[in-house]
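Please read it with the structure open.

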Amino acid sequence: MLRVAAVVVAALLPLFFVANAMRVLLSETYVRAATPRLDGGKLGDEQRTELAVLGLRAVDPLRGSQVEILRAARLEDGSRAFTPREVRHMRDVRAWIWRLQVFEIAVAATLAWLALRARPTFVRVLVRGAV
């Protein structure tokens with residue numbers, strides 16, 4: 001049992017840490033800092049940043065917005081800021097982010113349960129899984 005638990009921990013913890021790193025990239029602070037540094041295009045920095053923040057709000061399930069908010073976004077010339085294909089893509093991204101968040105919660109709950117249930121075993125599993 002200890003060996004199986006160590007293998008599970010070794011397999012899941014890296015994915016868990018990647019998922020946490022992705023949550024950092026889904027922060028508005030990161031988007032506002034990184035977007036103006038993107039290369040050119042026909043949009044100005046301010047408009048590009050605002051569209052990026054709108055896209056972030058559309059794909060992050062914890063923010064409460066829906067992907068449909070992208071349909072109303074317009075460029076300065078009146079054209080749609082997001083094509084129907086981009087809106088479909090953002091819907092797929094949102095679904096994957098939901099899965100990622102469920103995974104994070106499941107791993108955190110499992111680790112908390114292990115820590116409370118069998119503390120000495122939990123420590124050994126973490127050590128063996130990390131090696």
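Predicted model: local features only at pLDDT ≥ 70, side-chain atom pairs only at ≥ 80, totals over all residues.

1. The protein has 5 helices and 0 strands. From the N terminus on, the order of elements is α-α-α-α-α. The radius of gyration is 20 Å, well over the 14 Å that the globule rule gives for 131 residues, so the protein is more spread out than a compact globule.

2. Dimensions and burial. The C-alpha trace spans about 65 × 25 × 20 Å along its principal axes. Of the 131 residues, 28% count as buried. Take the contacts between residues at least 6 apart in sequence: 58% of them join residues at least 24 apart.

3. Helix α4. This helix covers residues 84-117. It has 34 residues and reaches 49 Å from its first C-alpha to its last, close to the 50 Å expected at 1.5 Å a residue. Its buried residues are Val 87, Met 90, Arg 94, Ile 97, Gln 101, Glu 104, Val 107 and Leu 111. Note that Arg 94 and Glu 104 are on that list.

4. Helix α3. This one runs over residues 45-59. At 1.5 Å a residue, its 15 residues should span 21 Å, and the end C-alpha atoms are 21 Å apart, which agrees. The buried residues of α3 are Gln 47, Arg 48, Thr 49, Leu 51, Val 53, Gly 55, Leu 56, Ala 58 and Val 59. They pack against α2 (28-34) and α4.

5. The α3 and α4 pair. How do these two helices cross? Their axes come within 8 Å and cross at roughly 50°.

6. From α3 come Gly 55, Arg 57, Ala 58 and Val 59; from α4 come Met 90, Val 93, Arg 94 and Ile 97. They divide into 5 nonpolar, 1 polar and 2 charged. Gly 55, Ala 58 and Val 59 are also among the buried residues of α3. On the α4 side, Met 90, Arg 94 and Ile 97 are buried.

7. Arg 124. Arg 3 lies 121 residues away along the chain, yet the C-alpha atoms of Arg 124 and Arg 3 are separated by 9.7 Å.

Conventions
Residues numbered from 1 in each chain as written. Heavy atoms only, no water. Axes fitted to C-alpha atoms, helices over the stretch in contact; angles between N-to-C directions. Helix = DSSP H or I, 4+ residues; strand = E, 2+ residues; numbered from the N terminus. Contact = heavy atoms within 4.5 Å. Nonpolar A, V, L, I, M, F, W, Y, C, P; charged D, E, K, R; others polar. Expected span 1.5 Å × (residues − 1). Buried < 20%, exposed > 50% of the residue type's maximum accessible area, 1.4 Å probe, protein only. Rg over C-alpha atoms; globule rule 2.2 N^0.38 Å.
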